[in-house]
Amino acid sequence: MTDSRTRLLGLIGDPVEHSLSPCLHSFLLARAGLNYCYLAFRVPEASLGEALSGMRALGIRGVNVTIPHKEAVIPFLDELSPAAEAIGAVNVIVNEAGRLRGHNTDWEGFLKALDSRGVGLCGRKAVVVGAGGAAAAVVYALVSSGAEVAVVNRTPSRARALARRFSSLGSVTHGGLHDLAAFLQEAELLVNATPVGMTPHAEESPVPADLLREGLVVYDLVYNPPETKLLRDAGERGCLAIGGLEMLVYQGIRALELWTGHRFGDEDAASALK
Ligand SMILES: NC(=O)c1ccc[n+]([C@@H]2O[C@H](COP(=O)([O-])OP(=O)(O)OC[C@H]3O[C@@H](n4cnc5c(N)ncnc54)[C@H](OP(=O)(O)O)[C@@H]3O)[C@@H](O)[C@H]2O)c1
C-alpha cells in the first residue's frame with residue numbers, strides 16, 4: 001500500500017510496455033517490505049531532458065534506463081560511476097538530493113550468473129558475439145575479470161571499435177562472424193550479445209551447433225524465450241548453458257540496492273527467478 005512516505009522508482013525508455021522490470025522490482029520491493037513504488041514511463045527521445053528535470057523536481061529516487069536512451073541520457077547527468085563511464089552506457093540513475101548519478105549494473109548482473117556457478121574468468125578465453133550496448137557491458141566485465149576476449153560482429157568495424165575501447169584494460173581482439181569458428185576453437189566461454197534467437201525468431205541461433213563442444217560455457221543474453229535454440233544446442237553437446245534471465249534479475253537487484261541501501265540475498269534472486 002502507498003502512503004505519504006512512499007518513494008518513487010521507475011523505468012524510462014521507448015517503448016516500455018514489453019519490460020519485465022516493473023514486475024521484477026515490485027515483487028522484490030514487496031518481499032523486502034520497502035516502501036517504494038516502481039512505474040514504467042514511456043519517454044520519447046525529444047522529452048528525455050524534461051523527464052530528468054522532472055525526476056529532480058519530484059524527488060524521484062531512481063530510474064532504470066532502457067532502449068533507446070542508455071547512451072543519450074549521459075549528457076543530462078551530473079556524474080557517472082567508473083563502470084558507466086568505461087562502458088559508455090547508463091542503465092540506472094540514482095537521485096542524490098537533486099544530483100543525478102549514472103550507473104551501469106548490466107556488467108555486474110552478467111558476472112553474478114557466472115560467479116554463482118563457480119565459473120572463473122581470470123586467464124580464460126572468451127568469445128563475445130555482438131558489438132552493441134550489451135556487448136560493451138559484457139566485454140568490460142570480462143576484461144575487468146582478467147579474461148582474454150575476442151569480439152565478433154556482423155559489422156566487423158563495430159567489433160574493432162569495441163575492442164579498441166577496452167584494449168587498455170586487457171586483451172581484446174576482434175573479427176567478423178566468419179572468424180567465429182577459429183576463435184571458438186580455443187575459447188572456454190561463448191556469449192551471445194545479439195538479439196538473434198529472440199521471440200518471434202526463436203528457431204534462429206547466432207552460432208552453428210557444430211561449433212559447440214563439451215566443456216564450453218555458453219551464455220545467451222537473450223531471455224525471451226528463457227531457453228533459446230543456442231542454449232538447447234549447447235545443452236545437447238555437453239556445454240554449461242546459462243540464459244539471460246539471471247543477468248536481468250541480478251542487474252535489477254543491484255539497481256535496487258543502489259536506490260534503497262537494502263541488501264538482497266541469493267534467496268531473493270532465486271524467488272524472483274521462479
Ligand atoms: N539479459 C539481460 O539482462 C540483457 C541486458 C541487455 C541486453 N540483453 C539482450 O542482449 C541483446 C543485445 O542487446 P543490445 O542492447 O546490445 O542491442 P544493440 O545495441 O542493438 O546491438 C545488437 C548487436 O547484435 C547484432 N545483431 C543484430 N541482429 C543480428 C543478426 N541478425 N545477425 C547477427 N548479428 C546481429 C548487431 O550487429 P551489427 O553491429 O552488425 O548491427 C549488434 O552488434 C538483446 O537481445 C537484449 O535483449 C539482455
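1. A word on terms before we start: the domain bounds used here come from an automatic or database domain assignment. Please also keep in mind that this is a predicted model.

2. Let's begin with where the largest pocket sits. Domain 1 (7-104 + 248-273) and domain 2 (108-242) both contribute residues to its lining, so the largest pocket lies between them.

3. The volume of this pocket is about 1,500 Å³. Its lining is made up of 45 residues, and those closest to the centre are Ile67, Lys70, Ala134, Pro195 and Met198.

4. Helix 9 gives the largest share, with four residues.

5. Now for the ligand. It has 20 residues around it, and Ala131, Ala134, Asn153, Thr155 and Arg158 come nearest. Ala134 is also among the residues closest to the centre of the largest pocket.

6. A polar side-chain atom of Asn153 is 2.7 Å from a ligand oxygen atom. Backbone atoms take part as well: a polar one of Gly133 lies 3.1 Å from an oxygen atom of the ligand, and a polar one of Leu248 lies 3.3 Å from an oxygen atom of the ligand. On its own the ligand has 930 Å² of accessible area, and the protein covers 77% of it.

Notes
Residues are numbered from 1 along each chain as its sequence is written. This is a predicted model: local features need pLDDT of at least 70, side-chain atom pairs count only at pLDDT 80 or more; totals for chains, interfaces and linings use all residues. Side-chain values use heavy atoms; hydrogens and water are left out. On a 1 Å grid over the protein atoms alone, a cavity is a set of points where a 1.4 Å probe fits but cannot get out, and a pocket is an open set with protein on both sides within 12 Å along at least five of seven lines; lining residues have an atom within 4 Å of a point. Grid points are joined across faces, edges and corners, and a volume is the space filled by probe spheres set on the points. Helices (H or I, at least four residues) and strands (E, at least two) are DSSP runs, numbered from the N terminus. A residue is near a molecule or strand if one of its heavy atoms lies within 4 Å of it. A polar contact is a pair of N or O atoms within 3.5 Å; within protein, one must be able to donate a hydrogen and the other to accept it, and residues adjacent in sequence count only if both atoms are side-chain atoms. Accessible areas come from the Shrake-Rupley method with a 1.4 Å probe; for residues, only the protein chains shown count as cover.
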